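Please read it with the sequence and the structure at hand.

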Amino acid sequence: MTAQTIAIISPGELGSAVGGVLRENGLGALACLSGRSALTRERALAAGFREVPTLEALLEEADLVLSIMPPAFAVDMAREVAAAMKATGHRPPYVDCNAISPDSSRRAGKFIAQAGGVYIDGGIIVGPPPWEGRVPVFYVSGESTEPIVELDGKGISVRVVGSEIGRASGLKMCSAALRKGTLALQSAVLIAAEAMGLGEEFEREMLGSREALYREMESGTRRLPSVAARYIGEMEEIAAAFSSVGVTPKFHQGAHAVYRLLAGTPYAAETPEAIDGDRTLREAAQTYLNHLPME
């Protein structure tokens, strides 16, 4: 039987959007918002989530749990959910959809398995909402992926990439490494050009030779400070994932440093919904330059 009530831990920008598309396709969305920010609560309720008071109540009512949160908290959340499963006896299948390394996913999976639950390794590959007709793609792996596969076509696309825990999260690592690593590199280049006093010349060169790429940079880097704090943990997971298979982690350790810089700028206080769309790349790069650590 297809899951009808989907619990999402925790409904931030991405989680609320996922819950919203599931609801549009006839499913229920459930969340425990205790201790969450006013913005998270606003997003979840606007998307039509039904609120429950505790994690235990969430497990009692959910047919399926999707964990969608900053990667730094993913393994600890799996541990917390496992404890609640043991306490309540309610064990809905648990899908970790976070940007974590295969090793981190395996650690999270052990907690759920020890509690007697079904663990599904997952990764969501989609740009930031609003998606404007695009469908978020959930890549999943594990021995029992059926509970989420049954949601394919209900506002999301679900693709199974094998029975081994870690395959879906590994694919997410590669995708995020390319997209978000590239955005960090572009930011670093812009900062360096400003630091050398060549910001105007670099802009002119890009507009003359690679205007399409420059326009992509304008679009892609504008929102980075607002999400940089979340991307810091993601770069750590990517670096660990690459290192585990013998590939240098240094690219994404560098990206980690860029996102730490962006997270320390005034723009980081903006919400994705309220980003200054008139801010130019050069204005942003100059602000980033002004916040470089002094040696």
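The sections below treat helix packing, then individual residues, then the cysteines. The model is a predicted one.

**Helix packing**

Two packed helices are described by the angle between their axes and the distance between the axes.

| Helix pair | Angle between axes | Axis separation |
|---|---|---|
| H7 (residues 167–195) and H10 (residues 224–244) | about 125 degrees | 10 Å apart |
| H4 (residues 74–88) and H5 (residues 102–114) | roughly 5 degrees | within 8 Å |
| H7 and H12 | roughly 80 degrees | within 8 Å |

Helix H7 packs against H10 at an angle of about 125 degrees, and the two helices are therefore oblique to each other. The crossing in which H7 passes H10 is left-handed. On the H7 side, the contact involves Lys172, Met173, Ala176, Ala177, Arg179, Lys180, Leu183 and Ser187. Their counterparts in H10 are Leu224, Tyr231, Glu234, Met235, Glu237, Ile238, Ala241 and Phe242. Sorted by class, the contact of H7 with H10 comprises ten nonpolar, one polar and five charged residues. As background to such contact patterns, an α-helix has 3.6 residues a turn, so residues three or four places apart point the same way.

Helix H7 also packs against H12, where the axes come within 8 Å and cross at roughly 80 degrees. H7 and H12 are therefore roughly perpendicular to each other. From H7, the residues that make this contact are Leu190, Ile191, Glu194 and Ala195; from H12, they are Leu281, Arg282, Ala285, Gln286, Tyr288 and Leu289. The contact of H7 with H12 divides into seven nonpolar, one polar and two charged residues.

The axes of H4 and H5 cross at roughly 5 degrees, which makes H4 roughly parallel to H5. H4 contributes Val75, Ala78, Arg79, Val81, Ala82, Met85 and Lys86 to the contact, while H5 contributes Ser104, Arg107, Ala108, Phe111, Ile112 and Gln114. By class, the contact of H4 with H5 has eight nonpolar, two polar and three charged residues.

Helix H9 (residues 211–221) has Tyr214, Met217, Glu218, Gly220 and Thr221 as buried residues. Which helices are included in what covers the buried residues of H9? The cover includes H7, helix H8 (199–209), H10 and helix H12 (281–290).

**Individual residues**

Ser169 lies in helix H7 and is buried, with a relative accessible area of 0%. Leaving out residues up to four places away in sequence, Ser169 touches Ile100, Ser101, Pro102, Ser105, Asp121 and Gly122. Thr182 is also placed in helix H7, but at 31% relative accessibility Thr182 counts as partly exposed.

Ala3 is buried, with a relative accessible area of 8%. Ala3 and Ala62 are 59 residues apart along the chain, and their C-alpha atoms are separated by 8.3 Å. Beyond its neighbours within four places in sequence, Ala3 contacts Leu27, Asp63, Leu64, Glu150 and Leu151.

The peptide bond joining Ile9 and Ser10 is cis, with omega about -5 degrees. Ser10 is located in the loop between strand E1 (5–9) and helix H1 (13–24).

Is Arg43 buried or exposed? Arg43, placed in helix H2 (residues 38–46), counts as buried at 17% relative accessibility, because the cut-off for burial is under 20%. Not counting residues up to four places away in sequence, Arg43 touches Gly12, Glu13, Ser16, Pro272 and Glu273.

**Cysteines**

A disulfide is a covalent bond between the sulfur atoms of two cysteines. How many disulfides does a search of the whole structure find? The search finds zero.

For Cys97, the closest cysteine sulfur is that of Cys32, at 18 Å, which is too far for a bond. For Cys174, the closest cysteine sulfur is in Cys97, also at 18 Å and too far for a bond. In terms of accessibility, Cys97 counts as buried at 5%, whereas Cys174 counts as partly exposed at 48%.

Methods
Residues numbered from 1 in each chain as written. Predicted model: local features only at pLDDT ≥ 70, side-chain atom pairs only at ≥ 80, totals over all residues. Heavy atoms only, no water. Axes fitted to C-alpha atoms, helices over the stretch in contact; angles between N-to-C directions. Helix = DSSP H or I, 4+ residues; strand = E, 2+ residues; numbered from the N terminus. Parallel < 35°, antiparallel > 145°, perpendicular 65-115°, else oblique. Left-handed = near helix turned anticlockwise from the far one by under 90°. Contact = heavy atoms within 4.5 Å. Nonpolar A, V, L, I, M, F, W, Y, C, P; charged D, E, K, R; others polar. Buried < 20%, exposed > 50% of the residue type's maximum accessible area, 1.4 Å probe, protein only. Disulfide = S-S within 2.5 Å.
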